[in-house]
Amino acid sequence: MARGKANSVLIKLVSQAGTGYYYVARKNPRRTPEKMALIKHDPVVKRHVVFRESKLK
């Protein structure tokens, strides 16, 4: 049986602390159409900060 194409896309999660640090994550845009925001660790400032979604170029 053939599988269909995966619906997930790659996104960039950019630190809101202004350090330029980012994570790359997968997201299903049909299930979560709004912009993703996660609290993750930023090693540049050595704290947990909010990371917001932006386009991966």
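Before we turn to the model, let me say that two strands are taken to pair if DSSP finds at least two bridges between them, and that strands themselves are DSSP runs of E with at least two residues, helices being runs of H or I with at least four, numbered from the N terminus. What we have here is a predicted model, in which local features need pLDDT of at least 70 and side-chain atom pairs count only at pLDDT 80 or more, while totals for chains, interfaces and linings use all residues. Residues are numbered from 1 along each chain as its sequence is written, and side-chain values use heavy atoms, with hydrogens and water left out.

Let me start with the overall picture. The protein chain holds 0 helices and 4 strands, and read from the N terminus its elements run β-β-β-β. Its C-alpha atoms fill a box of roughly 50 × 20 × 20 Å along the principal axes. The radius of gyration, taken over C-alpha atoms, is 14 Å, whereas a compact globule of 57 residues would have one near 10 Å, the globule rule being 2.2 Å times the number of residues to the power 0.38.

Now to the sheet. It is an open sheet of 4 strands in the order β2-β1-β4-β3, and the pairing is antiparallel. Because β2 (22-27) and β3 (37-42) stand at the edges with a single partner strand each, one side of each is left without a neighbour in the sheet. Neighbouring strands are turned by 40° against each other on average, direction ignored, with axes fitted as lines to C-alpha atoms, for helices over the stretch in contact, and angles between N-to-C directions running from 0 to 180 degrees.

How is β4 joined to the strands beside it? Strand β1, residues 9-15, is connected to β4 by 4 bridges and runs antiparallel to it, with L13 standing opposite E53 of β4. On the β3 side, 6 bridges make the link to β4, residues 47-54, again antiparallel; here L38 has F51 as its bridge partner in β4, and I39 has V50. The strands β3 and β4 form a hairpin with 4 residues between them, and K46 in that turn has a positive phi of about 55°.

The residue F51 brings us to the aromatic rings, where Phe, Tyr and Trp (by its six-membered ring) pair if their centres lie within 6.5 Å, planes under 30 degrees apart counting as stacked, over 60 as edge-to-face and the rest as tilted. Which residues make up the aromatic cluster? Y21, Y23 and F51 form it together. The rings of Y21 and Y23 have centres 5.5 Å apart and planes at 85°, so this pair is edge-to-face. Y23 and F51 are also edge-to-face, at 5.1 Å centre to centre and 65° between the planes. Since Y23 lies in β2 and F51 in β4, that pair ties together parts 28 residues apart in sequence.

Finally, a charge sits over a ring if NZ of Lys or CZ of Arg is within 6 Å of the ring centre and within 35 degrees of the ring normal. The charged end of K40 sits over the ring of Y23, 4.6 Å from its centre, and K12 lies over the face of Y22, at 4.6 Å from that ring centre.
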